[in-house]
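Me: Hi! I have a two-chain model open and would like to talk it through. Could you help me find my way around?

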Amino acid sequence: MKRLIPLLIFLSGGWIAGQAQTAPFAGTVKDQRTGEPLPGAGIELSTKGADGKKKEIHLLSGLDGSFVLRHIAAGHYEVSVRVVGYEHVSQEMDLADGSGKTMSFTLEPTRKELAAVSVMGSSGGRGSERGSQLADRRADIVQNSLSARAIEVSPDLSVASTAQRVSGVTTERGNNGESQYVIIRGMEKRYIYTLVNGIKIPSPDNKNRYVPLDIFPADLLERLEITKSLTPNMEGDAIGGAVNMIMKDAPAKFSVNANGALGYANDFFTQDFSKFSSGASLNRSPRVLNGGSYLATMKDLPNNAFSHSTSHNPFGEVLGLSLGGRLLDNKLGILVAGSFQNNFRNVKSVLFEQPDQLVDGGLPLSSVANRHLSVQQQRSGTHVRLDYRFNDNNKLSFYGGYMNLMRQEFRNVSDTNLELNRVGPGFGRVSNSNRDLHEVQQISNYTLKGEHALGGNFFLDWTAAYSRATLNNPDESTLSWDGGVQKDPVTGAKVQDPPTLQGSSREFTHSTDEDKSGYLNLRYVSKIGGASVDWSIGGMYRDKNRTSEYDVYNLDPNPGGQNYNGDVSQNGWVVKNPQGTSDDPLNYTAQEKVGAGYGMVKIEAGPWLITGGARYEHTDLTWNSNVENTIKGKTGGISYYDVLPSGNIKYSIDRKEALRLSYYSGIGRPNFYEVIPHTLYDPESGQTEKGNPYLKRTTADNFDLRYEYYPKGLDQVLVGVFYKSIKNPIEYSITNIPDPSQPQSSSNNTYYIPENFGNATNKGAEVDITKYWRWFGVRANYTYTDSKIKTTKQHTFPVAGGTKTETPEETRPLQGQSKHIANLSLLFKDDNKLGLNAQLAFQYTSGRINTVSQFYNYDIWQKEFAQLDFSLEKRVAHRWYVYAKVNNLLNTPYQLEVHQPYAVGTVNPYAPYQTPGKNIFMRKDTYGINYLLGVKFKL
Amino acid sequence: MYTKFFKVGLAAAVLAGLGACHKEEKVNVSPAQVSASHPITSDSLTGSVSGTLLSGKTYYFSSDITINQGDTLFMQPGSRLIAIGDGKTTATSPQITCNGSLISIGSADSNNYITVPDNLRDAASIGKGLWGGIQCGETSGDVIIKWTHIEFAGGPAGPAADPNVFAPGDPRNSLSYTNIDGNVIVEDSWIFGTSDDGMRLLHGHVSVMRNTFEDCGTTGGEGLNLKNGCVGDVAYNLIIGAATNAFKVSNSGGGPIENKTYLYNNTMVNCGFRQLKAGRGGSIDYEKGCQGKIYNNVIVNCRFGMRITPDADVKNITYNNQFFYGNAQYLLNQFYSVDGVGVKQGADIMSATPKDNNPRFKIYDVDQFDYNTVAPPLAASAMPMTIVTDAGYDLTLLQSSPAYHKGVTNFQALRTVPQGGSFGANTVDPNVDMGAFPTDGSGNKHFTSSLSSTN
C-alpha cells in the first residue's frame, strides 16, 4: 500500500483523502547552533499496527525546513529525524484521533572540517543544495556553486550548460548550439582554468590551454564551483576565475542511482538526419602511421566518408548509473559511476562573410552561405572514487575519471559569392562543399591524495596526480564542387553551371597533453588570544608535455573537368602532396614546468575571518616545432616567475549577514600555439596569422566586495561589485611589424598577430537572490559588466586617386563580454506528497562581441538572446521517478550582426536577409527544441 | 582586540598588494638557420648559392637551392640553369628559393635559360611542373630577369613553400614575389608551359615589359597574376593560350598599399578556354580594390574580354582604346564581361559580327581556329599547339590594321623601379599603335616560341 499511495496520487494528479481515523502532524527541523531551518531532513515515523507488525512512514522536510503530514492514523509513534552531518534525534509521541500535533526538532551538527573548502569525511549531503550553499558561505573566497541535486533537477546535461545558471557566467556555444566554454564576468575562456577535485586538468585542444566543458557529463558531479577570487593555495592563472568540478564521493549509506532516457529533437519531425561512416578511414595520418617518407595514395584516403545516408527519427539516449557506499566498518568508501549521453541535432544556418578588404562605402559582405549541419555527440564518462580512513587522523583517497566526447558531424555548405558574377538575385558563383568530421576528445585524471593529522595541531595533505587529454580528428574530409548561375549575355536568361568537381582535402589532427603533478600542503592550527590562526605553507609542481600532429592531404580531381553528381565513387582523384605536411607548425611539442610555493595565514577572530598570503609561481615553457630550421623560433623557451599576493577579509555582521572584501593578483598565460612562431595564411580572411614568442602573460589586480545575507534555509541574497585592472591583455590585431622581437621594424605587409594591449579594465556588479517557500522557489541573478580595451584596427577609405589605409585604435568591450546577464529560475519542489520537482529556467544575455574584426568599427556582435529551458522530475513509485528535460523551448537562434547600417550601394544591391539602414546581418543559426524523457531509480 | 586583527590583516593585504611582482619574461628563440652560401665551383648547384653563372656554361640543380638574404645569384648572358626533376612530389621538383637577389641578364643574341634538360623541352612537358619555380621570400632582394626563358615550372608546393602563397600540394609559379618594398623587373623573357599562373607577384614594385607568356596554366591559372601591394607597369607582353586570364589584377588580401597597375599595349590571344570554373575571366580582369589604367590592348579570340568587377576601385580605373576581335558570337557577347561594370568606351574597336574587323597581324591567322566548333571549357588536348604557343608568328600590326595608330599616348608609365643600364628597367611608355607589337618596332621583340630558341 505504502508504495501504491504515491502512484495513486500521481495517477489522480492531486490530493486524495486517506483513511477515516486521521490527524494532522506537522513541524520544523532546525540547526541547533544557528537556528536555521534544515531542508531535506528525513523524518521517519514508526508504529506497531493493530496486527502487531511494524509500520513506517517516511517524509522529508521542505525547503524551509518544515514538514506536514495531513493525515496520519492515531497511535503511538517513534519519530526520528536524520540529516546527514547532524546528530540523529528521536522522540516518542502519542497521536489521538482528530487532534493534530506539531513538533520542532533541533539538530546538533557533527561536521568536523579538516580543510576550508574541501569537505572531508563521510559527511554526506554535500551533493545537496544546502551542502553547496554551506560550501559557498564557509569558503575563504568569493565563489558560487551548484549542487548535484540542483544539477539533476535542472534542464542541463553537460557541465558547460549547467555552469550558465551561476551568476555572472555565460557560455560560448559550439556549432551544435550546446554550451562549450564559460565566460565568467565577461572574461573569456583564456582567463579561466578548470579543475577536477581541485586539480588542474590539461586541454585536448591542439592550440590552446582552455578545457571545453561540454566533455563532462553533469551527472558525475557532486558540486560545481565557480570561483571568482583566489587564495594563495590556488594556482594564479585565473583572472576570470576557476571552474572546479567536485566529483561524486562515496555516500555514507549504500546507494544506487540509475537513470535512462530517450531524447528527441523537434527538427526531426520535418527533416532527416544525415550521417556517414567513418569506419574505413585511417585513425591517424598516413605519415604518422608509415613514417615521414611515405607517399600517400588514394588507398590511404578512401572516399567512404563522402557516402551519406539518412536516419528518419534518430533518438538520443541518456544512461547513468552510480553505486556507492562504505565497507569495512565504514573505513572504505567506494563510488563507481558511469554516464552516457548520445544526442542528434540538425542545425540550419545562413551566414555572411566579411571580405578580406573593406573600404568605406564598399561592399561589407563577400558571400552568403546556407549551411546544414547534422551533429551526433556521444558523451561518456566513468569514474571511481575510493577513500580509506585508517583512523581519525589518516585518510587516503583515490580518484580515477575518464571522459570521452565523440562528435560525428556532416556539414553541407552552399556559398554564393556576392562580389563576383552577382548580377542579380538568383545569379552568381556558388561554391558547394561537404565536410565530414569524426572527432574524439578524451580527458583522464588519476589522483591519489593523503590527508594526515600529524598531532600537535599539524595537518598535512599531499596529492599525486596524472592527467592526460587527447584530441583525435582523423581524416576530416572536405569535398568541394562548383555550382552557380550565369547570366546569358544576350537573352539575360539563367544558365546553370555544371557541378564541376573542385578539390578535396583530408586533414588529420592529433594532440595530447599530459600533466604530472604533485601537491603538498602543511597546516598548523594555533590559538592566539581569542583568535584561531591557521598557518599554512605548501607547494606544487607540474610537468606538462604536449604533442601536436597535423597533416593535410590535398586532392585534385584526376582527370580534371569531372562533374560531381552526388556519387563520389564515380570520380577519380590524385593526391597533390602525398608526403603530408610534416613541416606544418601545428606539428610541435611543448613542455611546461610550473613550480609554485605559498604561505598563507587564516585568522578567525570573532566576526573577522581574514585570509592572506602570497604565492610564488615559476613557469618555464619550451617548444620544438617541426617547421624548417630556416624559420626563426623553431625551438625556443620562455621563463618567468610571479609573486601573487592575495587577501580576503570576511566580516560577519551577524549570523545571517556578512561582508567580504578580497584582492588577488592573477596572471593569464598565453596559449601554446600563440607563442610558437608560425605563419598561417587564412584564405577566408585574407590575413596572414603569425605566432608571437614575445607575447607577455597578462597580469591583473582583482578586487571584490560582496555583501551576503542568508535569511533562513536556502534563501540568500548576495550583492557584490568587482573591479579588475588588467595589464597586457592578449588580443589579435593587425600589425605591420614582421618580427615582434624588433618592434621598431616595419613593413608594408600586414599580419594578424596576438599582441599585448596596454591596460584594460573590467568592472561590474552582481546580485544573486534565492527565495524558497515550502514548495516553491525563485532563484534569480543579474550581473552587470563593463570592460574596455583598446586595439588597433584597419581602416581603408577613399582618397583622391585611390584609397588610403590607416591603423587607428578602437576602444571596445572585451570579446565575449555581455553588459547584462540575467538568470531566473522558478522551482517547484515537493518531495513528499507529489514527489514532484519542476524547474523553468530563463536566461538572458545581452549583446557581446563574437568575433573581433580586423576592420575599424566592424566587430561582429552576437545579438542579445533569451533562452528558456524546462525540467521536471516526478516520483511514480517508491524509489522510482520519471523525468523530462526540454531545452531551448523558444527555439532561440544564434544571431550575429555588425553595428553598421546596411547600405544599398551601387556595388551590390542583391544581398538577401539585409534591411537597408538596419545592422548588417551576419549569421543566424537555429537549433530547434530538444526533448528528453526518462526514468530514474534511487536507492 | 578584533580591530587590531583587522588592522593587521589590512596592513598585510596592503603590503601583499604592493608585493605583487611579475618578472619580465626571459625569451630564448632559436635563430633562423642560414647555411653559409658557397661560391659556385662546379656545374652542380646545391644548398645556398651565391655568385655568378658564367656565359656559355650550363649548371644543374636537383634539390632546392637558396639565395641567402644579402647574396646574389648572377646569370651572365648565355648561361643556363637546368632543374632536374619529375614534378611528381615536392622533393622531385626543386625550386630556387630567393631571399637575396636573382639577376639574370640575357641578351637578344645570348638568351639565358632556367629550364629543364633539353630532352624534356617539348610539348609533352607542358603543365607537368617539372621543377618548383623561383620562390621569393618576403625579405627578398630585387629580381631582375632579362632575355631569359623560364619553362615548365610547377611542381607541388611543400615544406619550403611560403604558406602565404601556396597550400600544400599547390602547383608553384615560375616566379612568385612577396616583398612589398622590392623590385621585380622582367623584360624580353619567355614564360612557358607552367602548371598554374605564369607569374604571381603578390607585392612589390613591378615592370613587366615585352615578355611572351605561352600556354600558362592547365585547368586554371593566369598568365600574370598581380595581387595587393603591386604597383607598376605591364606592357608590350604577348600572352597566348593562358588557361584563364592573361592578366589578373586584384588587391585581394588588402594591406596598406593599393594595387595600382598600368596595363597597356599588350596582346592577348586564345586565353581563358581551359578554366573549368564557369564565369571566370579570359583576358584582362581587374578585381577587388585595385586601380590603374588600361589602354591600347589587343584582345583576340579570348573567352572573356575586359572585366572590371564591381568591387574594384572602379573610380580610379580608367580604360579606353582596346581592340576586341572574336570569330564566334559567344566571344563577342563577352567583350565586356556581363558581370562586370566595364562598358564599351568611345575609342574601343570591336568586331561587330564574328570575324569582323580583323586586326591584320603580319603573320598570324586569327581564324585558324574556329571557336564556333567548340564549347568551353576545353581540355588542353582540344587546343592545338599552334594556338597556345608562338609558332613563329609576327603579331606586328600591318599599316592597314584597324588598330594602327588607334592607341593613346597621353599618359606615361608609372616607372616604380630603377630605370636604365644593365640592371635597371627599360620601361617604355604607351605607343600610338595598339598591342604589344607596334609598327615602330619599339615593343615586343619575340617572333618565335620559347622552345624553338636554343642560343
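Reply: Happy to; we can go through confidence, the contact between the chains, the cores, a sheet and one lysine. Bear in mind that this is a predicted model.

Me: Good to know. What is the mean pLDDT of chain A?
Reply: The mean for chain A is 86, and 93% of its residues reach 70 or more.

Me: Which elements of chain A have the lowest and the highest mean pLDDT?
Reply: Helix α1 (residues 4-12) of chain A has the lowest, at 36. Helix α5 (residues 286-290) of chain A has the highest, at 96.

Me: And where in chain A does pLDDT stay under 50?
Reply: One such stretch is residues 1-21, with 19 contacts in the model beyond four places in sequence. The pLDDT is also below 50 over residues 111-124 of chain A, a stretch with 28 contacts beyond near neighbours in sequence. Where pLDDT is low, the predicted coordinates should not be read in detail.

Me: Okay, on to the contact between the chains. How many residues come from chain A and how many from chain B?
Reply: Chain A puts in 85 residues and chain B puts in 70.

Me: Which element gives the most on the chain A side?
Reply: That is β30(A), with 14 residues. Other strands of chain A that each supply at least two residues include β23 (458-487), β26 (531-557) and β41 (802-806).

Me: What kinds of residues make up that side?
Reply: On the side of chain A that touches chain B there are 30 nonpolar, 42 polar and 13 charged residues.

Me: Back to β30(A): which strand of chain B does it pair with?
Reply: β30(A) pairs with strand β2 (residues 26-29) of chain B, in the antiparallel sense and over four bridges. If you want a spot to look at, A:S639 stands opposite B:K26 in β2(B).

Me: Nice. Now chain B itself: how many helices and strands does it have?
Reply: Chain B has three helices and 35 strands. Its C-alpha atoms fill a box of roughly 110 × 55 × 40 Å along the principal axes. Of the 455 residues in chain B, 62% are buried.

Me: Which residues touch the most other members of the largest nonpolar core?
Reply: In that core of 105 residues, they are B:V143, B:L201, B:I239, B:L263 and B:M268. Strand β22 (residues 230-235) of chain B gives the most to this core, with four residues.

Me: What is B:L263 in contact with?
Reply: Leaving out neighbours within four places in sequence, the contacts of B:L263 include B:V234, B:F247, B:I284 and B:I294. There is also a second, separate core of 64 residues, with A:V153 and A:M245 among them.

Me: Last one, B:K57. Why is it classed as partly exposed?
Reply: B:K57 is partly exposed because 15 other C-beta atoms lie within 10 Å, between the cut-offs of 12 or fewer for exposed and 20 or more for buried. B:K57 lies in the loop between β4 (51-53) and β5 (58-61) of chain B. Not counting residues up to four places away in sequence, B:K57 touches B:D43 and B:S79.

Technical notes:
Residues are numbered from 1 along each chain as its sequence is written. Chains are lettered from A and ligands numbered from 1 in the order in which they are written. This is a predicted model: local features need pLDDT of at least 70, side-chain atom pairs count only at pLDDT 80 or more; totals for chains, interfaces and linings use all residues. Two residues are in contact if their C-beta atoms, placed from the backbone, lie within 7 Å. Ala, Val, Leu, Ile, Met, Phe, Trp, Tyr, Cys and Pro count as nonpolar, Asp, Glu, Lys and Arg as charged, and the others, Gly among them, as polar. Two strands pair if DSSP finds at least two bridges between them. A nonpolar core is a set of buried Ala, Val, Leu, Ile, Met, Phe, Trp, Tyr and Cys residues joined through C-beta atoms within 7 Å. pLDDT is the predictor's confidence in each residue, from 0 to 100.
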